[in-house]
Amino acid sequence: MSLSKRLVSWARQKSPWIILFNSGACNACDIEVLAALTPRFDVERLGILAKGTPRHADILIVTGPVTRKQGKRLRMIYDQMPEPKYVLAMGACGATGGVFKGLYHVLDGVDAVIPPDMYVAGCPPRPDEIIDGIVKILGLIEQDMAHGGKEWRAKRKAVPQPLEVAP
Amino acid sequence: MTYLTSAEVSEAMADIGPVEAIRRNRVQVTTTPGRIRAALRSATSRLQCDHLVQIATIDTGHEFELFYLLTGAHRTVLSIRTLLPRDRPKIRSVHDLLPPAGIYERQIHDLLGITFDGHPNLGRIILNEDWPEGEFPLRKDWKMDPAKSYGGAPEEVR
């Protein structure tokens, strides 16, 4: 990597700004995120700041299953974030829809609307697990810089290999 | 103030329907859909019920049961029960007698498809804006059709 790229990579990982979006959660995940922000865990000392607008944020934390009413709104929030943007889907509901999966009012997990980069398991996840998820996203940011984008992580369909037939 | 007795309720609701005491602080009046406005007028004026707690609705499979739960300074819950046929779920709106009823009626219309005649705006309130017409998810016989789109997803992922 060139010096300028290394500088940008360092700057991006130095202080990730997060925005919290509740797409239909029961509020337990939101409380855990707030617990991570308040003095007991105090992520602000690590440079993780909670912002009030998606235009200032690097990481979007989505809590809960995506309800049919929130689907479009979540997409709008995501579209407003500047590149490079990362999404953290929180809890069992963010991953698959959790206990709400298949109900009439939900689109199930966050991946129904926007592509998540990291999932944090739990119902709800503890604040230290959320912090761990954000730190793992910082690792992804570094690798993405080295690869020149997010494409290298995209899931590819397995190409069937021809069987080697012994002569 | 003391709790309303079923005798007091019977006297005020003489031409409305049968009265039964369910618990010490709960009295139930069963009436027909046509007399619901008279029942509410009598409850608000003669029994001093100034607060509508909620309108509870049950789909029993045969008909809809509506419970108008009212209370007041006497702290008795007066429950006005009425039955609606499933094939013609229509009842007069009571939003002008008790304004908070309007929003409950809108919710019931949205989720169960009961029409409240005279309501100023029976628009969507709980379901998403592009939810298909004529689908009422809280009805007992409602099933999600996997082939059908129920909306909510943004354009590009639909």
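1. Two strands are taken to pair when DSSP finds at least two bridges between them. In this predicted model, strand S4 (residues 86–90) of chain A and S5(A) are joined by 3 bridges and run parallel. Within this pairing, A:Ala89 stands opposite A:Tyr119 of S5(A).

2. These strands belong to an open sheet of 5 strands in chain A, whose order is S2-S1-S3-S4-S5 and whose pairing is parallel. The edges are held by strand S2 (49–50) and strand S5 (118–120) of chain A, each of which has a single partner strand, so that one side of each is left without a neighbour in the sheet.

3. Turning to the helices of chain A, the axes of helix H2 (residues 28–37) and helix H5 (residues 127–147) come within 8 Å of each other and cross at roughly 80°, which means that H2(A) is roughly perpendicular to H5(A). On the H2(A) side the contact is made by A:Glu32, A:Val33, A:Ala35 and A:Ala36, and on the H5(A) side by A:Pro127, A:Ile130 and A:Ile131. By class, this contact has 6 nonpolar residues, 1 charged residue and no polar ones.

4. In chain B, strand S3 (residues 51–59) and strand S4 (residues 63–71) pair in the antiparallel sense over 8 bridges, and B:Gln54 has B:Leu69 in S4(B) as its bridge partner. S3(B) and S4(B) form a hairpin with 3 residues between them, and B:Gly61 in the turn has a positive phi of about 100°.

5. As for how the chains meet, 9 residues of chain B are in contact with 9 residues of chain A. The side of chain B that touches chain A has 6 nonpolar and 3 polar residues, with no charged residues.

How values were computed: Residues numbered from 1 in each chain as written. Chains lettered and ligands numbered in written order. Predicted model: local features only at pLDDT ≥ 70, side-chain atom pairs only at ≥ 80, totals over all residues. Contact = placed C-beta atoms within 7 Å. Nonpolar A, V, L, I, M, F, W, Y, C, P; charged D, E, K, R; others polar. Helix = DSSP H or I, 4+ residues; strand = E, 2+ residues; numbered from the N terminus. Axes fitted to C-alpha atoms, helices over the stretch in contact; angles between N-to-C directions. Parallel < 35°, antiparallel > 145°, perpendicular 65-115°, else oblique.
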